[in-house]
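Thanks for passing this one along.

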Amino acid sequence: MPVISRRTFLQGSAALGGAFALGAGMAARAGTAPDPQILMAQLAEAQIAKDGLTPKVMTYGLGEAPSTGMPPVLRMRKGEPYAARLFNRLDEPTTVHWHGLRIANAMDGVPELTQPYVYPGDRFDYVFTPPDAGTFWYHPHCNTLTQMGAGLTGMIVVENPDDPTFDAEIVLNLRDWRLGTGGAFIDAFKPRDAARGGTYGTVRTANWQQEPTYDAPAGGLVRVRIAATDVTRIYTIGLEGAEAKVIALDGNPVDKPFALDRYDFGPGQRVDLVVRMPDGEGQTVALGNLRGSHPWTIARFRSAGASLKRDLRDVGPLPANPIAEADLSTATRVPLELTATAEHKATPSICGSLGYTFWAINKVPWPGDTPDPIAPIEEMKLGKSYVLEVANRTPHAHPIHLHGLSFRILNSNKRTFLPPPTDTILLLPDEQAEVALVADNPGDWVVHCHIIEHQKTGMTGYFKVV
Ligand code: C2O
Ligand code: CU
């Protein structure tokens, strides 16, 4: 199965199979207007599970090329303009949100708040310059439980020419599917689960496959870029059969790469590992989900060829992204309280209401997809520093995602390890944390839980930066 060595990739080979080989939009050079990558939101038949289910999924295809059923990995370069033209060939409105990219508000993909709905048959041009390198992803921001549940979750790699070179790269898009016997989609959620931890899928996949195996150079250092794009599942990953270092979290390099033991990350989050492959040809490494009482294998890596004899100790930190440090002495403090809420009937919406509210931010349950009549949680002054006092007053974990701005976790009553700046914090049950940011990107930035049932049943709000 496909593994791209960086060298092959840089030679621009288009002949490699699989989703990793799609060098979409990588050719743009700074200053030149790039040709847009044509992204077709469409229905396709996908071979999801090993039992041969072929559900009709929603996906993105590149231009008129036949779709594999899996959204392509989009490759961009830090600091270089990128363009994508979305064509909507679904039978409902959609948009694209570029999760974790700190780009202009008008490109952020939130209908009503930042752009119009892209109706069936319509198109929308996205043009932006990613300021940060790392592992990100893209998905719609309309009828998200249905659309993402049906397959619209793709990975983004933002390359940095100054990144160290690894012997291979594997991109893993982790998600589940709610499929019944026979392979058809079943109800996207159960209200009683939406009011708790969320509704789980029935089929677990990495890159739309159950327990796929990827070949990688024996004795090599392999960069594995992982994203949890599932609408519900929180993962605890661990590795068996090899050692690995964590080099980046949520797109941002860790100061000191550390050995992977087990690591928790929730919907929306990413982990970049460097795995030192075993020396012996054919030896396998298992990436597992250790969460819960029944650990299972997510994917396997198999050593191929003669050992490259690389040393994990040679892996140093990646170059940092240009994220401003908040000035804590002048920062304004803003509470952000997550609670359950009394159940109401939610207002219908073009982008699909689930019909309920169960959750709220600062006691206000988001009523639908439009900001009206909801006021921003806070109006922030452009360039000023803020400390958000985040309090999870529920017995459930919530991966809280902020668009357009990255923040740093300053402290927490539940954790000792403080990750690098991030766009998503996995708040543990009853966790209270302070996070700091500089409001350096103007516009309306949504903040919401990335357990999509929670997002859609009230746990959403936005900041206005002016
Ligand atoms: Cu990953 Cu509001 O999005
Ligand atoms: Cu949540």
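How many helices and strands does the secondary structure of the chain come to? My notes start there.

1. **Overall make-up.** Please keep in mind that this is a predicted model. The chain's secondary structure amounts to four helices and 29 strands. Of its 466 residues, 50% count as buried.

2. **Dimensions.** The C-alpha trace spans about 60 × 55 × 55 Å along its principal axes. A compact globule of 466 residues would have a radius of gyration near 23 Å, and the chain, at 21 Å, agrees with that. Among contacts in the chain with a separation of 6 or more, 75% are between residues 24 or more positions apart.

3. **The annotated domain.** UniProt, in an unreviewed entry, places the feature "domain: Plastocyanin-like" at residues 71–162, 212–278 and 373–465. I looked at two of these spans. Residues 71–162 are 7% helix and 35% strand, with their end C-alpha atoms 27 Å apart. Residues 212–278 are 0% helix and 66% strand, and here the end C-alpha atoms lie 18 Å apart.

4. **A four-stranded sheet.** One open sheet has its four strands in the order E3-E8-E7-E5, with mixed pairing. Its edges are strand E3 (74–77) and strand E5 (97–99), each of which pairs on one side only. On average, neighbouring strands of this sheet are turned by 30 degrees against each other, direction ignored. As a reminder, strands of a sheet pair through backbone hydrogen bonds, either parallel or antiparallel. E5 and strand E7 (residues 134–139) run antiparallel and are joined by three bridges. Within E7, Trp137 is the residue that stands opposite His99.

5. **Strand E18 and its partners.** Which strands does E18 pair with? One is strand E13 (residues 235–240), joined to E18 (residues 284–289) by four bridges in an antiparallel run. Glu240 has Ala286 in E18 as its bridge partner. Another is strand E19 (residues 296–304), which pairs with E18 in the antiparallel sense over six bridges. Here Asn289 stands opposite Trp296 in E19. E18 and E19 form a hairpin with six residues between them, and Gly292 in the turn has a positive phi of about 80 degrees.

6. **The nonpolar core.** Which residues have the most contacts inside the largest nonpolar core? They are Ile156, Ile170, Val222 and Val275, in a core of 117 residues. I would look at Val222 and Val275 together.

7. **Val222.** This residue sits in strand E12 (residues 221–228). Is Val222 buried or exposed? Val222 is buried, because 25 other C-beta atoms lie within 10 Å, and 20 or more are needed for that label. By contrast, Ile400 is 178 residues from Val222 along the chain, and their C-alpha atoms are separated by 30 Å.

8. **Val275.** With residues up to four places away in sequence again left out, Val275 touches Val222, Val224, Leu239, Ala242, Ala244, Val285 and Phe301. The contact between Val222 and Val275 links two of the residues with the most contacts in the largest nonpolar core.

Note on methods
Residues are numbered from 1 along each chain as its sequence is written. Chains are lettered from A and ligands numbered from 1 in the order in which they are written. This is a predicted model: local features need pLDDT of at least 70, side-chain atom pairs count only at pLDDT 80 or more; totals for chains, interfaces and linings use all residues. Helices (H or I, at least four residues) and strands (E, at least two) are DSSP runs, numbered from the N terminus. The radius of gyration is taken over C-alpha atoms; the globule rule is 2.2 Å times the number of residues to the power 0.38. A residue is buried if 20 or more other C-beta atoms lie within 10 Å of its own, exposed if 12 or fewer, and partly exposed in between; C-beta atoms are placed from the backbone. Two residues are in contact if their C-beta atoms, placed from the backbone, lie within 7 Å. Two strands pair if DSSP finds at least two bridges between them. Axes are lines fitted to C-alpha atoms, for helices over the stretch in contact, and angles run from 0 to 180 degrees between N-to-C directions. UniProt positions are given in the numbering used here, feature names are shortened, and annotations may be inferred rather than shown by experiment. A nonpolar core is a set of buried Ala, Val, Leu, Ile, Met, Phe, Trp, Tyr and Cys residues joined through C-beta atoms within 7 Å.
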